[in-house]
Amino acid sequence: MLDRLSEARRFDGSLPALQDPQAFLARAIERRTSQERSVIAETKRFRERLIGDGAFRTALRSGTLSDADDFERYRPLWDQELGHTVWNSAALAAWPEVQLWKNWHEDLVCYRDLMTAYPSRYGTHPGFTAWRRRQEARTASELGPMHLAITHPVVAYELARGCSVGCWFCGISADSFSGTAAYADHGPLWREILSVMMDRLGPAARTGFCYWGTDPADTPDYDHFLADHQRITGWVSQTTTATPLRNIDLTRRILALSEREGPVLNRFSVLTTRQLHQIFEAFTPLELLLVELVPQMRGSLMPKARAGRALARGTSQPERDLGLSSVATTIACVSGFLINVPEQRLRLIAPTRASAECPEGYRTFVDKTFSDAADFAKLLDEVLALHMPEDLKGEALIGFRPDLRVTMDESGLRLENQASVHTVGKVPFLAELVDLLVGTPRTTQDVIEALVVSGANFFDVHRLLIELYECALIEPRDCWAAGSMALRA
Ligand code: SF4
């Protein structure tokens, strides 16, 4: 009946049998000799310089670099024409460093996909798992191919109020920094929160991480919180920081914990070319093998997502000067909970295309505060019970997602937005169903009843509605104003 509704479910049955991402990454490291790891780390560093240092890139490509011979072994990485020709061919074997790098990179992509698949496979709350699948399907439909970069962790924890870095392009428009959690004060509540999350969501809660509109360097006790996360969930969570050199001892403690108890891929956001070279001086290539350097500096090859402050700046300045992406429209990745520990605040969020209604690139379905650990558990239970039905409720007012343009032709129904086209093959009751879903709001029960009275088969109607719902093409109408429906306690 449905033609292209399930294509977003890319993970079913397509990943290696080894499902634990951290075990997969550990094996990817162990499989390589120490010499191979060194070569990969050196190649990674070359590539980071190529992407993040425009002057180096220009000099290399124009042949004016005095030590250009040193980089011949990486030629497929910087000579675009050669790279295109040999990248997926046996000829790449003539560049063993690049071949090693490519194989390593493919393992990292697999690790990312295992991380994405993990909560659905190991989550223990069926309603939450079903809700997340719908959010993933909606995100895929709204964002198109860019959605593949989103790993949909189930929770992000903020350990501070706001962020002191103040990036002009911040895709989630982080507030200014106004305080942080001290481990001595917040440790007990933190550990209770982690225990409750594991209890209610199961191993899926391992995919949580400890920053959002915050930077880890603003929390001097960050590594203590991180160690608790490892002790209680079993995983060290990923860390991203834009200020890895501000408190280099803290950064080294984070990396040491990741190496000892992980492994995990961490990230440094690099804001200037100068900072890039300072990082190169402070850390050897091998020390950063499992740290992705994200080039955010002016002139880097990585465009900025059109969300948050970058989106707002784009309205007052030519976008090409800002290096805004034409396709990336959110940096939000969590489909689940955003928990601010010092504010004792819980939100339910999921990524979306940044827009006037959701400028930060995520929907907020719930926004409430809690008074202590017991109140947190109660609130979490309420949200899971109220917002996470496994099935489409009979009393829900339903309609097509508002970003979808709805048209009918001789072949059936077509639902499209800027990123995707979904089609539904013709069935006898389709035209009437579409009329019911775009007209005056009706409940699921009313829609089914109206169609059955007109002669449609109950089971056919029910099956199509469930498929449309699971693919997030129809939604309860209270999701439509997800930005404005968030309730503060
Ligand atoms: S991008 Fe990250 S580091 Fe920069 S202001 Fe936003 S939260 Fe802070």
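Into which domains is the protein divided? This predicted model has domain 1 (18-122), domain 2 (123-387) and domain 3 (397-479).

**View 1. Domain 1 against domain 2.** The centres of domain 1 and domain 2, taken over C-alpha atoms, are 25 Å apart. In this interface, 30 residues of domain 1 are in contact with 44 residues of domain 2. The two domains bury about 3000 Å² between them, and 63% of that area is on carbon and sulfur atoms. Of the area that domain 1 buries against domain 2, Q22, R45 and P119 supply 23%, more than any other three residues.

**View 2. Polar and charged pairs between domain 1 and domain 2.** Across this interface, 9 residue pairs are in polar contact, with both residues of each pair at pLDDT 80 or more. Salt bridges between domain 1 and domain 2 number 0.

**View 3. The side of domain 1 that touches domain 2.** Helices α1 (21-30), α2 (34-52) and α6 (96-122) each supply at least two residues of this side of domain 1. By class, the residues on this side divide into 14 nonpolar, 5 polar and 11 charged.

**View 4. The shell around the ligand.** Residues around the ligand include C163, V165, G166, C167, C170 and A174. The shell has 7 nonpolar residues, together with 3 polar and 2 charged ones.

**View 5. The salt bridge of D228 and R191.** Side chains of opposite charge can pair when their charged atoms come close. D228 and R191 form a salt bridge in which the closest N and O atoms are 3.3 Å apart. D228 lies in helix α9 (residues 222-233) and R191 in helix α8 (residues 183-201), so the pair ties together parts that are 37 residues apart in sequence. The whole structure has 27 salt bridges.

Notes. Residues are numbered from 1 along each chain as its sequence is written. This is a predicted model: local features need pLDDT of at least 70, side-chain atom pairs count only at pLDDT 80 or more; totals for chains, interfaces and linings use all residues. Side-chain values use heavy atoms; hydrogens and water are left out. Domain bounds come from an automatic or database domain assignment. Contact means heavy atoms within 4.5 Å. Buried area is the accessible area (1.4 Å probe) that two parts lose on being put together, summed over both. A salt bridge is a side-chain nitrogen of Lys or Arg within 4 Å of a carboxyl oxygen of Asp or Glu. A polar contact is a pair of N or O atoms within 3.5 Å; within protein, one must be able to donate a hydrogen and the other to accept it, and residues adjacent in sequence count only if both atoms are side-chain atoms. Helices (H or I, at least four residues) and strands (E, at least two) are DSSP runs, numbered from the N terminus. Ala, Val, Leu, Ile, Met, Phe, Trp, Tyr, Cys and Pro count as nonpolar, Asp, Glu, Lys and Arg as charged, and the others, Gly among them, as polar. A residue is near a molecule or strand if one of its heavy atoms lies within 4 Å of it.
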